[in-house]
Amino acid sequence: GKLWDSASLKTIEMRTRNQYTPEQAKIYKTVGGTPFLDNNYTVYGETVAGLDIIDKIAAVSGDAMNRPFENVYILSTELKIETKKVKI
């Protein structure tokens, strides 16, 4: 995501009724992100192979709101479950 300034973050806070901690605001200002998605979407999963596919998805052209002109579909996925032993 893009970098945000304090005024823009404050506007997003008022519109979404989210309040960012100083740590979150610092990340949005220095690293970037999409703060308007907070509390609206859950990101889950990890790409462990096929980063070239991620680059192809990111390169798809879209409109002014970054919505692709044509839908992008994920046709297959692989589920990797890790188990850990816990000592009680």
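Is Val60 buried, partly exposed or exposed? Val60 is partly exposed, with a relative accessible area of 33%, where buried stands for under 20% relative accessible area, exposed for over 50%, and partly exposed for what lies in between (1.4 Å probe, protein chains only). The model is a predicted one, in which local features need pLDDT of at least 70 and side-chain atom pairs count only at pLDDT 80 or more, while totals for chains, interfaces and linings use all residues. Residues are numbered from 1 along each chain as its sequence is written, and side-chain values use heavy atoms, with hydrogens and water left out.

Keep Val60 selected, in the segment after helix H3 (51-58); helices here are DSSP runs (H or I, at least four residues), numbered from the N terminus.

**Stop two: the core**

Next select Trp4, Leu9, Ile12, Tyr20, Ala25 and Tyr28, the six residues of the largest nonpolar core. Helix H1 (6-16) and helix H2 (22-30) are the elements that give two or more residues to this core. A nonpolar core is a set of buried Ala, Val, Leu, Ile, Met, Phe, Trp, Tyr and Cys residues joined through side-chain atoms within 4.5 Å. If you centre on Ala25, you will find that Ala25 touches Leu9 and Tyr20, with residues up to four places away in sequence not counted; contact stands for heavy atoms within 4.5 Å.

**Stop three: Glu13 and its partner**

Move to Glu13, which lies in helix H1 and is buried, with a relative accessible area of 12%. Then show the side chain of Lys10, which forms a salt bridge with Glu13, the closest N and O atoms being 3.3 Å apart. Side chains of opposite charge can pair when their charged atoms come close. A salt bridge is a side-chain nitrogen of Lys or Arg within 4 Å of a carboxyl oxygen of Asp or Glu, and by this rule the count comes to one. Both residues lie in helix H1, three residues apart, about one turn of the helix, and Lys10 is partly exposed at 49% relative accessible area.

**Stop four: the loop between H1 and H2**

Which residues does Asn18 contact, leaving aside its neighbours within four places in sequence? They are Glu13, Pro35, Asp38 and Asn39. Asn18 lies in the loop between H1 and H2 and counts as buried at 11% relative accessibility. A polar contact of 2.7 Å joins the side chains of Asn18 and Asn39, and the backbone oxygen of Asp38 lies 3.2 Å from a polar atom of the Asn18 side chain. A polar contact is a pair of N or O atoms within 3.5 Å; within protein, one must be able to donate a hydrogen and the other to accept it, and residues adjacent in sequence count only if both atoms are side-chain atoms.

In the loop between H1 and H2, select Arg17 too, which is exposed, with a relative accessible area of 76%, and has a phi near 65°, a positive value in a residue other than glycine.
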